[in-house]
Amino acid sequence: LEPIVLGVRRELADTIDAAIFRNREWRQYPLVRRLWAGLIDLAIVFMVAILILTAVSGLDTTEIVLDPEGLLLLAIIALAYRVPIEARSGQTIGKTLMGISVYGPHGGVPGWWRAAVRNLVGVLVLIWPIDAVLLLRNRRRQRLGDLLTRTSVRRVAH
């Protein structure tokens, strides 16, 4: 059933993109697929954080607090998860499930420094409103980290 479920989710994401954006460029740079991939990856980061906190403090006292230490832990986990995977393959688990990938300026995988910089910028919570505006206004759906590293998130060619 996995191909059917993934196909339905991708088709639903494409239907939403088509309703929001009237131009054809959304097909190559899908926004909703990217958002859903981000949510999948965020869930993975939170699960890993819960596992780490449980291992460190025990089952009875585990809670994720969005204080500076908690946010720092989430940022470290997010970077440790995303940077190596994107540097080598261009795809996190969420991106793979949604059929999108990060591409460098000449195609192909972005490489280590581009993956590191784009994700370092991505974990800075204060920049998220700027990223939201850029994702909606930029025709290639690039956020600040993508613009700095000349990367883009596009559909995987099949």
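Q: Let's start with a single residue. Where is Ala49 found?
A: Ala49 is found in helix α2, which spans residues 31-57. Keep in mind that this is a predicted model.

Q: Is Ala49 buried or exposed?
A: The cut-off to know is that buried means under 20% relative accessible area. Ala49 counts as buried because its relative accessibility is 0%.

Q: How far is the C-alpha of Ala49 from that of Leu74?
A: Ala49 and Leu74 are 25 residues apart along the chain, and their C-alpha atoms are separated by 6.5 Å.

Q: What about Leu35, is it buried or partly exposed?
A: Partly exposed is the class between buried, under 20%, and exposed, over 50%. Leu35, which also lies in helix α2, has 45% relative accessibility and so counts as partly exposed. In sequence Leu35 and Gly94 are 59 residues apart, and from C-alpha to C-alpha they are 9.4 Å apart in space.

Q: Which residues does Arg34 touch, leaving out those up to four places away in sequence?
A: Arg34 is another residue of helix α2. Its partners are Ile100, Arg118, Leu135, Arg141, Gln142, Arg143, Asp146 and Val153. Arg34 counts as buried because its relative accessibility is 11%.

Q: One of those partners is Arg141. What is the phi of Arg141?
A: Here's the general idea: most residues other than glycine have a negative phi. Arg141 has a positive phi of about 55°, although it is not a glycine. You'll find Arg141 in the loop between α6 (128-137) and α7 (144-149). At 5% relative accessibility, Arg141 counts as buried.

Q: And what is the phi of Arg150?
A: Arg150 is not a glycine either, and its phi is positive, near 60°. Look for Arg150 in the loop between α7 and β2 (152-155).

Q: Now for helix packing. At what angle do α3 and α5 pack?
A: Helix α3 (residues 68-89) and helix α5 (residues 112-122) pack at about 145°, and their axes are 8 Å apart. The crossing of α3 with α5 is right-handed.

Q: Which residues make the contact between α3 and α5?
A: From α3 you have Leu79, Arg82, Val83, Pro84, Glu86, Ala87 and Arg88. From α5 come Trp112, Ala115, Ala116, Arg118, Asn119 and Leu120. Sorted by type, the residues of this contact are 8 nonpolar, 1 polar and 4 charged.

Q: Which residues of α5 are buried?
A: They are Arg114, Ala115, Arg118, Asn119, Val121 and Gly122. These residues lie on the same side of α5, because they cover an arc of only 160° around the axis.

Q: Last one: where is Val156, and which residues is it in contact with?
A: Val156 sits in the segment after β2. Leaving aside neighbours within four places in sequence, Val156 is in contact with Gln91, Gly99, Ile100, Ser101 and Tyr103. Val156 is partly exposed, with a relative accessible area of 23%. Val156 and Met98 are 58 residues apart in sequence, and 9.2 Å apart in space from C-alpha to C-alpha.

Conventions
Residues numbered from 1 in each chain as written. Predicted model: local features only at pLDDT ≥ 70, side-chain atom pairs only at ≥ 80, totals over all residues. Heavy atoms only, no water. Axes fitted to C-alpha atoms, helices over the stretch in contact; angles between N-to-C directions. Helix = DSSP H or I, 4+ residues; strand = E, 2+ residues; numbered from the N terminus. Left-handed = near helix turned anticlockwise from the far one by under 90°. Contact = heavy atoms within 4.5 Å. Nonpolar A, V, L, I, M, F, W, Y, C, P; charged D, E, K, R; others polar. Buried < 20%, exposed > 50% of the residue type's maximum accessible area, 1.4 Å probe, protein only. Arc of directions from axis to C-beta.
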